[in-house]
Amino acid sequence: MDFSHQREPPFLRLRNVSHAYGRKSVLQDVSLEVHKSEVLALLGPSGSGKSTLLSVLAGIVTSTRGEFILDGQDISRLSAEMRGLGMVFQDFALWPHMTVAENVGFPLRVRKLPRAEITRRTEEALIRVGLEGFKSSRPQQLSGGQQQRVALARAVVAETRLLLLDEPLSALDPATRASVRGELADILRKLNLTTIIVTHDREEAFELAD
């Protein structure tokens with residue numbers, strides 16, 4: 001493995017991040033660094049605060065204290081849509097009434113981009129995850145692994161700088177999980193995006209992360 005990137009300044013730096021739900025402290029002074037194009041796994045049992053850390057980083061939840069520096073920019077007080085992050089949730093959160101292309105292009109429609117630009121970026125994102133032939137399909141017509149790829153394409157379609165995966169294989173049955181894990185590892189290498197994965201599965205962490 002090439003560790004040369006670790007001599008460069010970190011692409012993402014978390015400093016003393018804390019969060020509490022009422023009186024219950026979930027995160028206490030969490031600090032970490034992630035380098036550009038690195039895939040980092042946060043491994044720990046359920047309830048240890050992994051998903052909360054991702055939600056705070058994504059801007060879905062407001063941290064009690066701490067700062068996030070992404071590519072030299074302090075994003076701590078930016079709204080979720082201004083942070084340039086893409087997130088894949090445990091259940092993929094795909095809309096069943098939309099086609100694959102409509103699901104992937106949804107973030108761009110929210111930003112009111114021109115139709116031609118939405119089509120171009122959507123097609124590029126589907127090519128990146130190997131689903132270029134499925135743009136007219138509905139999520140329920142796809143396998144679990146293919147649904148995950150749709151969620152990945154939607155997460156990266158808007159020029160994502162940082163990819164966040166929250167227990168990315170937990171929605172799959174055990175028989176499917178092992179094969180999809182290998183597919184996901186290949187896709188993450190091809191995407192070449194700085195990525196943080198949270199998981200409670202040691203095999204998943206060791207296969208997916210650097």
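Rings of Phe, Tyr and Trp (for Trp, its six-membered ring) pair if their centres lie within 6.5 Å; planes under 30 degrees apart count as stacked, over 60 as edge-to-face and the rest as tilted. The structure holds one aromatic pair of this kind. The ring centres of Trp95 and Phe106 lie 4.6 Å apart and the planes stand at 45°, so the pair is tilted. Trp95 belongs to the loop between strand 6 and helix 2 (100-110) and Phe106 to helix 2, so the pair ties together parts that are 11 residues apart in sequence.

This is a predicted model, in which local features need pLDDT of at least 70 and side-chain atom pairs count only at pLDDT 80 or more, while totals for chains, interfaces and linings use all residues. Residues are numbered from 1 along each chain as its sequence is written, and side-chain values use heavy atoms, with hydrogens and water left out.

Helices (H or I, at least four residues) and strands (E, at least two) are DSSP runs, numbered from the N terminus. Two strands pair if DSSP finds at least two bridges between them.

Four strands form an open sheet in the order 3-8-7-6, with parallel pairing. Strand 3 and strand 6 are at the edges with a single partner strand each, so one side of each has no neighbour in the sheet. From one strand to the next the twist averages 15°; angles run from 0 to 180 degrees between N-to-C directions, and axes are lines fitted to C-alpha atoms, for helices over the stretch in contact.

Strand 6 (residues 85-88) pairs with strand 7 (residues 162-166) over four bridges, and Val88 stands opposite Leu165. Strand 7 in turn pairs with strand 8 (residues 194-199) over five bridges, where Leu165 has Ile197 as its bridge partner. In strand 6, Leu85 and Met87 point one way, Gly86 and Val88 the other, and all are buried (buried means under 20% relative accessible area, exposed over 50%, partly exposed in between, with a 1.4 Å probe and protein chains only).

**Helices 4 and 5**

Helix 5 (residues 174-191) lies across strand 3, strand 7 and strand 8, at about 165° to strand 7. Helix 4 (residues 144-156) packs against helix 5 at an angle of about 20°, with the axes 11 Å apart. The two helices are therefore roughly parallel to each other (angles under 35 degrees count as roughly parallel, over 145 as roughly antiparallel, 65 to 115 as roughly perpendicular and the rest as oblique). Residues of helix 4 including Leu152 and Val156 meet residues of helix 5, among them Ile187 and Leu191; contact means heavy atoms within 4.5 Å.

An open sheet of four strands has the order 2-1-4-5, with antiparallel pairing. Its edge strands are strand 2 (24-34) and strand 5 (73-74). Strand 1 (residues 12-21) pairs with strand 2 over seven bridges, and Leu12 has Val34 as its bridge partner. Helix 1 (residues 50-58) lies across strand 1, strand 2 and strand 4 (65-70), at about 115° to strand 1.

**Loop residues**

Ser37 lies in the loop between strand 2 and strand 3 (39-43), and its phi is near 70°, a positive value in a residue other than glycine. Phe92 is in the loop between strand 6 and helix 2, and its phi is also near 70°.

| Residue | Relative accessible area | Class |
|---|---|---|
| Ser37 | 27% | partly exposed |
| Phe92 | 4% | buried |
| Trp95 | 31% | partly exposed |
| Phe106 | 29% | partly exposed |
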